[in-house]
Amino acid sequence: MKKPPNKSNSARKRKPGMAGELELPGSNSRQAKYVLRLYVSGSTSKSALAVENIKRICEQHLKNRYALEVIDIYQQPNLARDEQIVAVPTLIKRSPLPVRRLIGDLSDLKKVLIGLELGMRE
């Protein structure tokens with residue numbers, strides 16, 4: 001005879017970062033390490049503005065808790081193809097999950113913070 005799984009213990013023993021764990025928006029986002037990739041197209045003004053904006057946002061809201069990689073789609077077209085980039089600039093938040101994509105020059109602070117699941121500090 002099979003023993004039914006003990007549901008209460010399995011939920012309590014689940015460790016952070018394990019597959020299947022649901023992260024509530026804002027729950028661990030204040031401590032999590034952010035992994036970001038910004039896809040740009042050369043040295044266009046919109047790309048330069050996006051780089052400037054995301055660096056400023058990261059320093060203000062994610063100080064010492066982020067890794068930012070800026071990828072020029074002209075220099076690394078394979079990465080852009082693999083990520084299915086159809087518009088630039090595009091920011092991809094790879095970690096913490098869920099993965100998010102933000103398109104544009106990232107000048108709307110409120111939208112960027114919501115997209116990164118940092119919310120607005122009121």
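Which residue does R100 meet in a salt bridge, and at what distance from N to O? The partner is E117, and the two side chains come together at 2.8 Å, N to O. A salt bridge here is a side-chain nitrogen of Lys or Arg within 4 Å of a carboxyl oxygen of Asp or Glu. R100 lies in strand β4 and E117 in the segment after α4 (109–115), so this pair ties together parts that are 17 residues apart in sequence.

Before we go on, a word on the model: it is predicted, local features need pLDDT of at least 70, side-chain atom pairs count only at pLDDT 80 or more, and totals for chains, interfaces and linings use all residues. Residues are numbered from 1 along each chain as its sequence is written, and side-chain values use heavy atoms, leaving out hydrogens and water.

**The sheet and its helix**

Helices (H or I, at least four residues) and strands (E, at least two) are DSSP runs, numbered from the N terminus. Four strands build an open sheet in the order β2-β1-β3-β4, with mixed pairing; two strands pair if DSSP finds at least two bridges between them. The edges belong to β2 (66–72) and β4 (100–103), each with a single partner strand, so one side of each is left without a neighbour in the sheet. On average, neighbouring strands are turned by 20 degrees against each other, direction ignored.

Strand β3 (residues 90–95) runs antiparallel to β4 and is joined to it by four bridges.

Helix α2 (residues 45–61) lies across β1 (34–40), β2 and β3, and runs at about 165 degrees to β1. Such angles run from 0 to 180 degrees between N-to-C directions, with axes fitted as lines to C-alpha atoms, for helices over the stretch in contact; contact means heavy atoms within 4.5 Å.

**The charged pairs**

The count of salt bridges comes to eight. Here are some of them:

| Pair | N to O distance |
|---|---|
| K63 and E59 | 2.7 Å |
| R81 and D82 | 3.2 Å |
| R100 and E117 | 2.8 Å |

How open are these residues? Buried means under 20% relative accessible area, exposed over 50%, and partly exposed in between (1.4 Å probe, protein chains only). K63 is partly exposed at 48%, and E59 is partly exposed at 35%. Both R81 and D82 are exposed. R100 is partly exposed at 33%, whereas E117, at 15%, counts as buried. Elsewhere, salt bridges that share partners link R37, E69, E83, R94 and R101 into one network.
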